[in-house]
Amino acid sequence: QQCPDDGAELFLVPESAAAKHIGRVLDGRWRLESVIGEGAMGAVFRASQTRTGQVAAIKIIQARNFNETELVSRFFREAQVLSSLQHPHIVRLLDFGQDVESKLFFIAMELLQGQSLEGAAAELSLDEIVAVMEQLADALAQTHGQGIVHRDLKPENLFVNRLRGGGVHL
C-alpha cells in the first residue's frame with residue numbers, strides 16, 4: 001500500500017507479543033488493560049482489580065515449560081523480597097501468583113505515575129538529581145540491611161513518580 005498524501009510505501013507494524021494478553025483476567029482478579037512496557041523476560045501491564053477497580057501495574061512472565069524452574073524461582077523470589085520491603089521509595093507489592101488457565105506468573109504492584117529516571121533525567125535540576133540520589137541511597141540502604149542486593153540497578157529500572165510525594169522509586 002501507499003500513503004495517499006505523499007505516495008510513500010506503507011508497512012504494517014507487528015503487534016507486540018504482550019498485546020495478545022490485553023483483556024485477559026489473571027487468577028479471576030486482575031484484568032490486563034494495556035501494555036506499559038515489554039522486555040526479554042516478560043511484560044508490564046496497566047490492570048484493574050475486577051472486584052474493587054483498584055489499578056495496578058502487573059508484571060508477567062510466561063515460562064514456556066515448567067523446566068524453566070530458575071526463571072520461575074527468581075520471579076517468585078522477587079515477589080517475596082518486594083513483599084518484605086516497606087519504604088516510601090520502593091514500589092509496593094499488592095499481589096502475586098500464577099494464573100491457572102494461561103500459566104502466566106504475575107506480580108501486581110502499585111501503579112506509579114511518571115516516567116523512568118532514564119527518561120526524566122534531562123528535565124531534572126541539579127537539586128532534584130541530588131534529592132533523587134539521596135532517596136535511592138536510602139531505599140538501597142534498607143534493602144541491603146535486609147541482605148537484598150538489586151542486581152539490575154539502572155536508570156530505566158528506576159521510576160520518577162509524580163504521586164505519593166514524588167521522588168524516585170526502586
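I count two strands as paired if DSSP finds at least two bridges between them. The model I am reading is predicted.

**Sheets**

I began with the strand that holds valine 160. Glutamine 115 has valine 160 in β8 as its bridge partner. Strand β8 covers residues 159-161 and is joined to β7 by three bridges, the two running antiparallel.

Next I looked up β2 (residues 30-38), which pairs with β3 in the antiparallel sense over seven bridges. Valine 35 is found opposite phenylalanine 45 of β3. Is β3 largely enclosed or open? Five of the seven residues of β3 (residues 43-49) are buried, so the rest of the structure largely encloses this strand.

**Nonpolar cores**

I listed the largest nonpolar core and found 25 residues in it; Ile90, Leu117, Leu136, Leu158 and Leu170 have the most contacts inside it. At least two residues each come from α1, β6 (104-109), α2 (117-120) and α3. Helix α1 gives the largest share, five residues. Another core lies apart from this one and has 13 residues, including Ala56, Ile60, Phe106 and Ala108.

**Histidine 87**

I located histidine 87 in the loop between α1 (69-84) and β5 (93-98). Is its position buried or exposed? Histidine 87 counts as buried because its relative accessibility is 11%, and the cut-off for buried is under 20%. I found two partners for its side chain. One is the side chain of aspartate 138, in a polar contact of 2.8 Å. The other is the backbone nitrogen of histidine 89, which lies 2.9 Å from a polar atom of the histidine 87 side chain.

**Salt bridges**

I count seven salt bridges. I went through three of them.

Aspartate 95 and arginine 29 meet through their side chains at 2.3 Å, N to O. This pair links distant parts of the chain, 66 residues apart: aspartate 95 is in strand β5 and arginine 29 is in the loop between β1 (25-26) and β2. Aspartate 95 is buried at 17% relative accessible area, whereas arginine 29 is partly exposed at 26%. I also noted that Asp27, Arg29 and Asp95 are linked in a network of salt bridges.

For lysine 59 and glutamate 78, the closest N and O atoms of the salt bridge are 3.0 Å apart. Lysine 59 is in strand β4 (residues 55-62) and glutamate 78 in helix α1, so the pair ties together parts 19 residues apart in sequence. I have both ends down as partly exposed, lysine 59 with 26% relative accessible area and glutamate 78 at 31% relative accessibility.

Arginine 92 and glutamate 110 form a salt bridge through their side chains, at 3.4 Å, N to O. Arginine 92 is in the loop between α1 and β5 and glutamate 110 in the loop between β6 and β7, 18 residues apart. Arginine 92 is partly exposed at 39% relative accessibility, and glutamate 110 is buried at 10%.

**Surface patch**

Which residues form a nonpolar patch on the surface? I found Leu126, Ile129, Val130 and Met133, with about 360 Å² of accessible area together. I checked valine 130, which lies in helix α3 (residues 126-145). Valine 130 counts as partly exposed, at 42% relative accessibility.

Methods: Residues are numbered from 1 along each chain as its sequence is written. This is a predicted model: local features need pLDDT of at least 70, side-chain atom pairs count only at pLDDT 80 or more; totals for chains, interfaces and linings use all residues. Side-chain values use heavy atoms; hydrogens and water are left out. Helices (H or I, at least four residues) and strands (E, at least two) are DSSP runs, numbered from the N terminus. Buried means under 20% relative accessible area, exposed over 50%, partly exposed in between (1.4 Å probe, protein chains only). A polar contact is a pair of N or O atoms within 3.5 Å; within protein, one must be able to donate a hydrogen and the other to accept it, and residues adjacent in sequence count only if both atoms are side-chain atoms. Patches are made of residues with over 30% relative accessible area and no salt bridge: like charges are joined within 9 Å, nonpolar side chains (Val, Leu, Ile, Met, Phe, Trp, Tyr) within 5 Å. Accessible areas come from the Shrake-Rupley method with a 1.4 Å probe; for residues, only the protein chains shown count as cover. A salt bridge is a side-chain nitrogen of Lys or Arg within 4 Å of a carboxyl oxygen of Asp or Glu. A nonpolar core is a set of buried Ala, Val, Leu, Ile, Met, Phe, Trp, Tyr and Cys residues joined through side-chain atoms within 4.5 Å.
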